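Take a look at the model below. The report after it goes from the whole chain to a few of its parts.

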Amino acid sequence: MAEIAELKEIKGSKKKPKSKKKLMDLSSFRVEDNATNDRINKRPFRTPSLRRTGSLFRHGTVERKRKRREADDDNISVSSLDLKEPSSKRVRQMSRVASLVDIISPVNHVKKVGQALTRSMSFRNLSSSPTFTIKPYTKPQATPTKRRDSKLWSETIQGDVNDVLSKMDIKRQEAIYELYQGEVDLVEDLKLIKKAYHDSMKSLGILKDEELNTIFGSLANILPLHEELVESLKMQKRKDGTTENIATILLQWFPRLSGSYVSYCSNLVAAKSLLDVKKTDKKVDDFLQRCRESPFSRKLDLWNFLDVPRSRLVKYPLLLKNLLKFTSLEHHEREYIIEAIKVSEAIIRQVDRKTGEAKCRHYIDSFEYTDEKQMDPLICKQKVLLCGGILRNNRGTKLHVFLFEDIFVLTRQTTKNDKKHYQVYRQPIPVRQLMLGDMNDSDAKLNGSFRGAFTQQLSKHMFRITPTDPTLGQGHTLQANDEHDKKQWMQLLRTVMPAVPKMESVV
């Protein structure tokens, strides 16, 4: 009997593993504190519900399973919680923990790992892609342009001038101050040309000495003359700010301008021609552009500065006439002002005549002849150029046309060795053998041009030049830029050939 009871006890012990399924359910309560676990990152952790099911926690199998898990520090099981079960391990009291989520939630670890990954990825991107985005060069913001103060004489005087001077005397002082201030500005511009342009281009080696002499001419001789006039006008200024005896100073100063201004203005044609050619050089063009964009230039080009002395010369008669208008008949300087006007106008005529001759000689020396028949002896004798400019023939070809006193020459511009040349086109026509004809816009067509061949487009502002001598070749149909240009050409042509019959209309 005892053996039978023992045998039943053994069979009963073998049936107990049926509760293994419940033991396996405990694994669902195990949470892995791993920051890379996607399931935990995507779904927030939920505190599992704990149920004490009879002998489940008293079974020795749970104790063995808990002991096997102790080797993994990253694993937290429900067995580690204090459920008042006997255990030899120190258990953290729930009262000292803020919440259960703080114990088992991997949020803090995920944040730290994420920050570390972000830093490592950013460093890796910098090392793997060393290219940088470089902004293209942009032109710097323009600085304010330097402007000259345009003050009136009355603004430079302390106190009320109306209490001391009459309105006529105030206007006279304003006219004198305008002349004086213009001289001060001119001296400033001449110094600027020499220092900023001439000296800089020479020290940088942008232009040769010969080219500098051609472009700037006798500018160095003009500057001392105007500096001397400024000092003389300053000496005539009284303590109360008024200035007298200006006409006598100008009468002594004007005759000294003749030689320097004839030399300088006569050279302007060659200077302009060479400057236009040198602008095609990148170094020269870059230097001039930088100067033009600088505040000191007042947005003016070098040629504008080079033309300042000539434009100042032609203003003297106008300034003196304005002064004469506010000078009373009884004033002791009235006669001197009238004489100064005559002297200044005579100097201007002399400079114009010499400049015209130099201009005429400059163009004649640049003529190139493709045929000996084109070398008319009248060309070399010309001293006055009445008109010169660009016209187009009926084929659309651009022609540089020169009307001298005795001959009419058509050319085409070329450039050789940094110099402009004018190749004579067809046969020059003496003005005494010219016939002039006006062409109506309705009858003028560019029949010979590429454009006119397909569109039959009407052309405007055209006239015709025909030689009376058949040996001089055929006539020329010429087109001006506008109606004003056409009238100017036709008026000058009629002036030089008054006795020559004129064609009223050409179809």
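The protein chain has 20 helices and 12 strands. Both kinds are DSSP runs, numbered from the N terminus: helices are H or I with at least four residues, strands are E with at least two. This is a predicted model, where local features need pLDDT of at least 70, side-chain atom pairs count only at pLDDT 80 or more, and totals for chains, interfaces and linings use all residues. Residues are numbered from 1 along each chain as its sequence is written, and side-chain values use heavy atoms, with hydrogens and water left out.

Of the 507 residues of the protein chain, 35% count as buried. Buried means under 20% relative accessible area, exposed over 50%, and partly exposed in between, with a 1.4 Å probe and protein chains only.

**Confidence**

pLDDT is the predictor's confidence in each residue, from 0 to 100. Its mean over the protein chain is 76, and 65% of the residues reach 70 or more. Where is confidence lowest, and where is it highest? Helix α5 (residues 100–104) has the lowest mean, 42, while helix α15 (residues 308–313) has the highest, 96. The table counts their contacts, meaning heavy atoms within 4.5 Å.

| Stretch | pLDDT | Contacts beyond four places in sequence |
|---|---|---|
| Residues 14–33 | under 50 | 22 contacts |
| Residues 94–111 | under 50 | 14 contacts |

Where pLDDT is low, the predicted coordinates should not be read in detail.

**Helix α17**

Helix α17 covers residues 334–365, which is 32 residues. Buried residues of α17 include Ile337, Ile341, Ser344, Ile348, Val351 and Thr355.

How do α12 and α17 pack? Helix α12 (residues 268–278) and α17 meet at an angle of about 45°, with their axes 8 Å apart. Val269, Ala270 and Ser273 of α12 make the contact with Lys359, His362 and Tyr363 of α17. Tyr363 is also among the buried residues of α17.

**Strand β11**

Strand β11 (residues 476–479) is covered on both faces. His476 and Leu478 are buried on one side, Thr477 and Gln479 on the other. Two strands pair if DSSP finds at least two bridges between them. Strand β4 (residues 385–393) pairs with β11 in the antiparallel sense over two bridges. Strand β10 (residues 462–467) pairs with β11 in the antiparallel sense over four bridges. Leu478 is the bridge partner of Asn393 and of Phe463.

Methods: The expected span of a helix is 1.5 Å times one less than its number of residues. Axes are lines fitted to C-alpha atoms, for helices over the stretch in contact, and angles run from 0 to 180 degrees between N-to-C directions.
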